[in-house]
Amino acid sequence: MSLKIYIKQPPRDLIKEKRKDRFFALSISSIGLAAILFALAPSLIWQIKVASRINNTTNDSPIPQGQVLSQKVILEKNVQIIENPDGFSFFSTDYKPNTPRPEEFLLTVPKLKIKNAKVLVDDLNFYTNLSHFPGSALPGEIGNSFITGHSVLPQFNDPENYKAIFTKLSDLEVGDVVYATQDGNTYKYVVQYSKIVSPKDVSVLLPISQNGKNLTLMTCVHPGSSTKRLVVITSLI
């Protein structure tokens with residue numbers, strides 16, 4: 001007598017449901033992986049290509065270190081480092097110049113496609129404009145005109161949006177030009193060097209040299225993060 005084994009097959013509907021579940025799980029996993037790569041890839045590329053380039057050229061600064069002013073100069077203006085609950089820190093001060101100053105000037109950076117961006121003078125808010133640090137030099141003056149702007153992931157770069165305007169700041173290289181227009185006068189600055197610093201490094205606010213006429217641009221790096229700061233130093237020509 002032969003032995004026959006009967007295997008009960010699951011219903012076709014159940015098989016289809018399992019296939020749908022596997023497909024759904026695979027789709028969710030793929031979307032999650034794509035989102036992670038979308039966020040992390042720009043940072044990895046930036047670290048490899050941009051950060052290494054900037055760090056390798058910092059020591060080639062044409063400004064003699066012996067001419068850099070004492071940090072006491074800027075600290076006398078009551079500079080504080082403010083940290084938000086989300087961990088973002090920024091420079092602040094109670095210092096207010098006692099002489100009349102213009103309310104704003106315009107910044108143009110051709111390489112970054114920034115044209116006549118509004119810079120509020122002696123202002124700490126840079127969500128709806130660029131911020132000129134209170135008490136720092138005005139365009140054309142001896143000293144360091146210090147300007148801060150926001151940056152985001154490079155996929156969302158927009159030179160006309162103040163929440164993303166400095167996203168491509170790391171693209172600036174030695175010799176690139178920056179224009180500042182104030183009261184009908186346009187001042188031409190040339191990039192000298194860039195460097196990456198700690199968010200708490202207030203020395204970047206200092207004048208670069210005794211008689212130098214400089215303009216410094218600062219934003220957060222790496223892309224989409226606020227762990228470090230990128231500063232680009234330019235000189236008036």
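Mentor: Start with the words for the elements: helices (H or I, at least four residues) and strands (E, at least two) are DSSP runs, numbered from the N terminus. Two strands pair if DSSP finds at least two bridges between them. With that, take the hairpin of β9 and β10: six residues lie between its strands, and Gly224 takes a positive phi near 80 degrees. One caution about the source: this is a predicted model, where local features need pLDDT of at least 70, side-chain atom pairs count only at pLDDT 80 or more, and totals for chains, interfaces and linings use all residues. Residues are numbered from 1 along each chain as its sequence is written, and side-chain values use heavy atoms, with hydrogens and water left out.

Trainee: What makes β9 and β10 a pair?
Mentor: The rule asks for at least two bridges, and β9 and β10 (residues 228–236) have eight, in the antiparallel sense. Within that pair, Thr216 stands opposite Ile233.

Trainee: And how do you know in which sense β6 and β9 pair?
Mentor: They pair in the parallel sense, over six bridges.

Trainee: What joins β1 to β2?
Mentor: Five bridges do, between residues 79–83 and residues 89–93, and the two strands run antiparallel. Ile81 has Phe91 as its bridge partner in β2. The two strands form a hairpin with five residues between them, and Gly87 in the turn has a positive phi of about 95 degrees. Overall the protein chain has two helices and 10 strands, in the order α-α-β-β-β-β-β-β-β-β-β-β from the N terminus on.

Trainee: Why is β9 called largely enclosed?
Mentor: Buried means under 20% relative accessible area, exposed over 50%, partly exposed in between (1.4 Å probe, protein chains only). Eight of the nine residues of β9 are buried, so the strand is largely enclosed by the rest of the structure. For the protein chain, 40% of the 237 residues count as buried.

Trainee: Why does Ile233 count as buried?
Mentor: Its relative accessibility is 3%, so Ile233 counts as buried. Ile233 is found in strand β10. Contact means heavy atoms within 4.5 Å, and leaving aside neighbours within four places in sequence, Ile233 is in contact with several residues, including Val190, Tyr193, Ile208 and Leu215. The C-alpha atoms of Ile233 and Lys195, 38 residues apart along the chain, are separated by 8.5 Å.

Trainee: So what makes Asn185 partly exposed?
Mentor: Asn185 has 42% relative accessibility, so it counts as partly exposed. Asn185 sits in strand β8 (residues 185–197).

Trainee: What makes a space in here a cavity?
Mentor: On a 1 Å grid over the protein atoms alone, it is a set of points where a 1.4 Å probe fits but cannot get out, and lining residues have an atom within 4 Å of a point. By this rule there are two cavities of 30 Å³ or more.

Trainee: Which residues line the largest cavity?
Mentor: There are 18, of which Phe90, Phe91, Phe126, Thr148 and Met218 lie nearest its centre. β2, β6 (143–148) and β9 (213–221) each supply at least two residues of that lining.

Note on methods: 1 Å grid on protein atoms, 1.4 Å probe; cavity = no way out; pocket = protein on both sides within 12 Å on 5 of 7 lines; lining within 4 Å. Points joined across faces, edges and corners; volume = space filled by probe spheres on them.
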